Amino acid sequence: MGHRFVHTRRWMAGIVSGWLALVLLSPSAMAAKKPNSPLADATYGAATAQGASLQAGAVQIGGESPFAPDAVLLELVFVQQGRADAIYVQLKGHTMLVDGGDLSKRDKLQAFLSQQEGGMHVNTLLGTHAHSDHIGGLLSFIKEGGTTKEFYSGYATNTWDKYMQDKVFPLLKKKGIPYKQVKDGDRFFFGAGGPEDGLVPLGEDDIMPEGCAFIQAYRWGDPEAKVDANARSVVLHITYGERTVLLMADAAGLAQRHYLTFDHQLFKADVLKAAHHGVTPTVEPFLEVVDPSLILVTHTRKGATTQLNQAEMKGLYSLYSGEGTIHMQTDGKVWYVWQELIP
């Protein structure tokens, strides 16, 4: 896709979406209106309204589900946590939690899980990095009766990280939960194997079973690099069929410039989960590499104004899970995205 076409498409999207903001917003959405952001208003209005929809590339926002009742769907749910990450991933009964939000919001996560088929059992827990707004809810899940087959994170068992040594590793040992380290370049498939399987490592010579999601992990693991825990977050690129989503955890700024040294094709995605709750904008060249149709932010619009403003300037649709749980589904051909209104 040429740059001129991309900019023209996004410029037109901005004009169309500004008009749609007046048409699609329900009274509830208007009441929840945040900063002056016509594109985000239109997206929120479509995602939460009955019957209305927006189309952004291969992403359908709101409206009726495009899938047949028997379609096999990969599902990601960004559970409402305010400013925190709690992402539930499900495919054919295989489940994973990528971060668990903040300890103070554990009731929201547990209420969501109680409505799922597996309840308080999740095949795989993955903590992207040892900050309480990501991993706190995972520890609460374990302490309060949740069960899992395994716990992944990017830290070695001899890490210097105090949070891991004082809180995570002792709890996993007490509960008998195996710990597995994610390293930069690790590959997994998800959605096949036994009923207890979540993430399944994929070797260089292994053949991935059909009908699975492919997950590529990245982590800035160079011990000599003087970067913080955010920059060392585990980043996940998920592919199911032709559709892709990039989960950046808190890997903002320096980390994104680091990943620009990689093959750019590795990070292209239909949907981008913005890094660090959108409190800083995505690095411009990295955003161009990802070239998303939709940006998801684990915060509110009011709290993520820098990411909001960048999305508006680029003519990109954006949704904010701090304003209600966001659901994403794909059959491998199109994404269907909608958002719950906060009561």
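Buried means under 20% relative accessible area, exposed over 50%, and partly exposed in between, with a 1.4 Å probe and protein chains only.

**Ground rules.** I am reading a predicted model, where local features need pLDDT of at least 70, side-chain atom pairs count only at pLDDT 80 or more, and totals for chains, interfaces and linings use all residues. I count residues from 1 along each chain as its sequence is written, and side-chain values use heavy atoms, with hydrogens and water left out.

**The whole chain.** I found nine helices and 18 strands. Helices (H or I, at least four residues) and strands (E, at least two) are DSSP runs, numbered from the N terminus. Of the 343 residues, 58% count as buried. Next I looked up contacts, meaning heavy atoms within 4.5 Å. Among contacts in the chain with a separation of 6 or more, 62% come from residues 24 or more positions apart.

**Back to Lys-92.** Lys-92 sits in the loop between β4 and β5. Its phi is near 55°, a positive value in a residue other than glycine. I located Ala-249 in the loop between β13 (243-247) and α7 (253-259). At 2% relative accessibility, Ala-249 counts as buried.

Two strands pair if DSSP finds at least two bridges between them. I traced an open sheet of 10 strands in the order β1-β2-β18-β17-β3-β4-β5-β6-β7-β8, with mixed pairing. Its edge strands are β1 (53-56) and β8, each of which pairs on one side only. Direction ignored, neighbouring strands of this sheet are turned by 20° against each other on average. For such angles, axes are lines fitted to C-alpha atoms (for helices over the stretch in contact), and angles run from 0 to 180 degrees between N-to-C directions. I then zoomed in on β4 (residues 86-91) and β5 (residues 94-100), which pair in the antiparallel sense over six bridges. There, Ile-87 stands opposite Val-98 in β5. Helix α5 packs on the sheet, where it touches β5, β6 (121-127) and β7, and its direction makes about 150° with that of β6.

**Helix α5.** How many residues of α5 are buried? I got 10 of the 12, so α5 is largely enclosed by the rest of the structure. Among the buried ones are Asp-133, His-134 and Phe-141. The buried residues of α5 pack against β5, α4 (106-114), β6, β7 and α6. Just after α5, Gly-145 takes a positive phi of about 105°.

**Helix α6.** I checked the length of α6 (residues 162-175): at 1.5 Å a residue its 14 residues should span 20 Å, and its end C-alpha atoms are 20 Å apart, which agrees. The expected span is 1.5 Å times one less than the number of residues. Where does α6 bend? It bends by about 30° at Val-168, and a proline, Pro-170, follows within four residues. The bend is the angle between axes fitted to the seven residues ending there and the seven starting there. Asp-161 caps the N-terminal end of α6, with a side-chain oxygen 3.1 Å from the backbone nitrogen of Tyr-163. The buried residues of α6 include Tyr-163, Met-164 and Val-168. They pack against α5 (132-143), β7 (147-153) and β8 (179-181). Just after α6, Gly-176 has a positive phi of about 70°.

**Lys-180.** This residue is in strand β8. Lys-180 is partly exposed, with a relative accessible area of 30%. Leaving aside neighbours within four places in sequence, I saw Lys-180 in contact with Glu-150, Phe-151, Tyr-152 and Ser-153.

**Ser-318.** I found Ser-318 in strand β16 (residues 317-320). Is Ser-318 buried or exposed? Ser-318 is buried, with a relative accessible area of 1%. Not counting residues up to four places away in sequence, Ser-318 touches several residues, including Ala-40, Thr-43 and Leu-294.

Conventions. Polar contact = N/O pair within 3.5 Å; in protein donor to acceptor, adjacent residues only side chain to side chain.
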